[in-house]
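Visitor: I have a new structure here and would like a short tour. Can we take it piece by piece?

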Amino acid sequence: MKKYLLLIALIAFTQLSAQNCAPFYAAKLKQLSIDSLQLAYIDQGKGETIVFIHGLGGNAGHWTNNIDALSKKYRCIAIDLPAYGASSKHWPEKNTSRLDDYADLIIRFTQQLKLKQFVLAGHSMGGQIAMITALKAPALVSKLILAAPAGFETFTENEKNLLLAYATPQFYFNLNDDAIKASFAKNFVQVPVAAQALINDRIQLKQCAGFMDYCQQITAGVKGMLTHPVQTELSSITQPTLIVFGKEDALIPNKLLHPKATTESIAAIGTAIPKQQTVFLQAGHLVQFEQADAFNQNVLTFLDTKQSLSTKTK
């Protein structure tokens with residue numbers, strides 16, 4: 001009888017876990033519908049608007065340390081892309097680049113919120129999406145903030161095939177807790193205590209409905225980053241742009257495929273953007289989270305600068 005009751009309790013706990021999959025920042029979230037998608041987003045503060053796009057495998061929670069500070073002066077909106085965070089889990093691939101799909105979605109999302117113009121911030125893949133969005137809709141995007149952006153580094157066809165062979169949905173689906181923790185550790189010089197909430201969310205996600213959709217979306221994102229690099233388009237970005245890299249970024253460049261490249265050499269490619277400034281902080285890839293105070297101060301200084309930026313690197 002005890003074994004029977006224990007089995008019922010275990011089943012009930014498993015079902016509860018599968019349903020209770022809201023990310024740690026869920027209490028702050030709003031919802032917006034676009035076609036069949038339900039998009040979750042944080043909307044905090046008043047004033048000039050900053051829209052934040054997270055990176056591959058992430059969610060709006062990657063910006064919480066920034067939103068809490070920046071929302072004292074700006075309206076901060078951070079979106080959960082489809083299949084991430086609390087947004088709709090299923091979003092079938094189209095024939096276009098997935099990053100172009102994301103950019104089109106950001107444009108529609110901001111139009112539905114009736115934003116006439118906004119600052120666009122993106123981390124990693126989100127930075128690449130932000131640049132594509134700025135190129136597609138230059139009248140909407142007033143300034144760009146790029147945190148460890150993808151898209152500067154390019155890959156040969158052989159390298160692309162190697163990456164896609166590795167980054168399969170099943171690979172992400174099969175990651176155990178230790179592998180997830182190790183993957184997160186690569187984003188930091190030293191893992192902040194606050195990052196535990198991000199790690200817990202990712203581990204819990206394995207028990208959630210729609211987990212395979214999440215894994216498929218990561219693979220689609222990798223493919224999208226490879227399909228639409230922005231290196232050759234940087235000179236066409238007209239917006240003043242702040243680029244922030246971590247000095248000890250372990251993910252950009254790809255250490256296995258480009259062992260001789262450095263984060264500095266990849267960042268230097270960004271100087272092709274006519275109005276840009278590049279800043280290095282003592283951090284890893286998730287620079288805006290690990291060094292939130294320094295990142296926020298650089299953003300505030302950048303946004304308070306009224307004159308056009310000259311091309312320079314700090």
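Visitor: Which residue is the bridge partner of isoleucine 145 in strand 7?

Guide: Leucine 242 is the partner. This is a predicted model, where local features need pLDDT of at least 70, side-chain atom pairs count only at pLDDT 80 or more, and totals for chains, interfaces and linings use all residues. Residues are numbered from 1 along each chain as its sequence is written, and side-chain values use heavy atoms, leaving out hydrogens and water.

Visitor: How many bridges join strand 6 to strand 7?

Guide: Four, and the two strands run parallel. Strands pair if DSSP finds at least two bridges between them; strands (E, at least two residues) and helices (H or I, at least four) are DSSP runs numbered from the N terminus.

Visitor: Is strand 6 buried or exposed?

Guide: Seven of its seven residues (141-147) are buried, so strand 6 is largely enclosed by the rest of the structure. Buried means under 20% relative accessible area, exposed over 50%, partly exposed in between (1.4 Å probe, protein chains only).

Visitor: New topic. What does phenylalanine 52 touch?

Guide: Leaving aside neighbours within four places in sequence, phenylalanine 52 is in contact (heavy atoms within 4.5 Å) with residues including Trp63, Leu70 and Ala121.

Visitor: Which ring does lysine 143 lie over?

Guide: Lysine 143 lies over the face of phenylalanine 302, 5.0 Å from the ring centre. The rule asks for NZ of Lys or CZ of Arg within 6 Å of the ring centre and within 35 degrees of the ring normal.
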